[in-house]
Amino acid sequence: MSRDVFDEREYERRVERAKARLREEELDAIVVTDPANMNYLTGYDGWSFYVHQAVVLTADRDEPVWVGREMDANGARATTALSEESIRAYSDDHVHSPYDLHPMDYVAGVLEDLEVADGRIGLEMDASYFTAKSYTRLQGNLPEATFEDATLLVGWVRIKKSEQELEYMRQAARISENAMQAGLDAIAEGVPEYEAAAAIYDALITGTGTYGGDYPAIVPLMPSGDHTDTPHLTWTDRPFEDGDPVIIELSGCRHRYHSPLARTTFVGDPPEELERTADIVVEGIEAALDAVEPGVTCEAVEKAWRDTIAQYGLEKEDRIGYSMGLGYPPDWGEHTASIRPGDETVLEEDMTFHMIPGIWTEEIGMEISETFHVTGTGAETLAEFPRRLFTA
């Protein structure tokens, strides 16, 4: 990602909205460690999340402060418009240190420099890259601070997309279409699963011919054969066999924005039960999409799906969708709103969701999904791909 992915004013609006949330929560600062939230606030983009990094946002300072490894500071200069004063780097002896050093010791020093060391500081306590040791080091270094869980503060700011964000998601959808077709074309009896995965990866990165793709936050998922009842398996060396159902879940990625898509295919002639299940899933998806409009709740959308499949004696206990968009490994989800019973989040225009109402039983697995944008009047599905069971 480079600085021109979004104009500077868009980042300023994002920061102002996040600062407003800080004030609502009576927080003096937040230490942001989720790479997607770091990107959202600053534009920072690099494969550096395997070491400790953060963006520190205070309620009063105009710019957020990027904090990371010294060798990654030039990445911040390349991908953000932050001033030099807002780029802070810790020395390499903090990394996997055999000494009594930790990157959060340096972050604590930044918080002291920003004059919030004795304030109320939000932490993303449930973020994938915020470790238990990170928390204890901050506590030890800042004994006068009050730490609060602010895991979803930036996530809720992100939930409504700008027009430029939506355009990148539409571009990601074009990549998803190409990758899904590549995967379906590659699957055949006797073909090793990894060859289909390779075809998908090639299409994900090659993109459309007009623009390329980024690495997605989740690898292509491809359970097959007896394992389609387990949705999060990848590929193996096993050749596809006649009689194999195969689920493909993938996402194109454009400037870190995703548009996931799932479809199911069958090697050979599919059994009637699978064809019937596919028809029911499609009918349920269409009912749920028809229920989408500003002002309805997530649970109302799920109810439209549940009521539809119940007519055929089917039920599904899991959620059928979640808010998503910008993402880094290990997930493209925003961890905020979910389409499930009990979620009273009210849909608003420009929210985006991945609806994936898979059916997984001991005998059968079926996934068909759509990424959709909440418009002023309903749902815009971002991909244009046949919504049915495929055969190989």
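**Salt bridges in a predicted model**

A search of the whole structure, which is a predicted model, finds 29 salt bridges.

User: Which residue forms a salt bridge with Glu24, and how far apart are the closest N and O atoms?

Analyst: Glu24 and Arg21 both belong to helix 1 (residues 8-24), and because they are three residues apart there, about one helical turn separates them. Glu24 is exposed, with a relative accessible area of 58%, whereas Arg21 is partly exposed at 21%. The salt bridge partner of Glu24 is Arg21, with the closest N and O atoms at 3.5 Å.

User: Is Arg170, which meets Glu163 in a salt bridge, buried or exposed?

Analyst: The side chains of Arg170 and Glu163 meet with an N to O distance of 3.0 Å. Glu163 is exposed, its relative accessible area being 52%. Buried means under 20%; Arg170 has a relative accessibility of 19%, and therefore Arg170 counts as buried.

User: How many residues apart in sequence are the parts that Arg263 and Glu370 tie together?

Analyst: Arg263 forms a salt bridge with Glu370, and their closest N and O atoms are 2.8 Å apart. Arg263 lies in strand 8 (residues 257-266) and Glu370 in strand 14 (residues 370-374), so the parts that this pair ties together are separated in sequence by 107 residues.

User: What is the relative accessible area of Glu370?

Analyst: Its partner in the salt bridge, Arg263, counts as buried at 0% relative accessibility. Glu370 is likewise buried, and its relative accessible area is 1%.

Key:
Residues are numbered from 1 along each chain as its sequence is written. This is a predicted model: local features need pLDDT of at least 70, side-chain atom pairs count only at pLDDT 80 or more; totals for chains, interfaces and linings use all residues. Side-chain values use heavy atoms; hydrogens and water are left out. A salt bridge is a side-chain nitrogen of Lys or Arg within 4 Å of a carboxyl oxygen of Asp or Glu. Helices (H or I, at least four residues) and strands (E, at least two) are DSSP runs, numbered from the N terminus. Buried means under 20% relative accessible area, exposed over 50%, partly exposed in between (1.4 Å probe, protein chains only).
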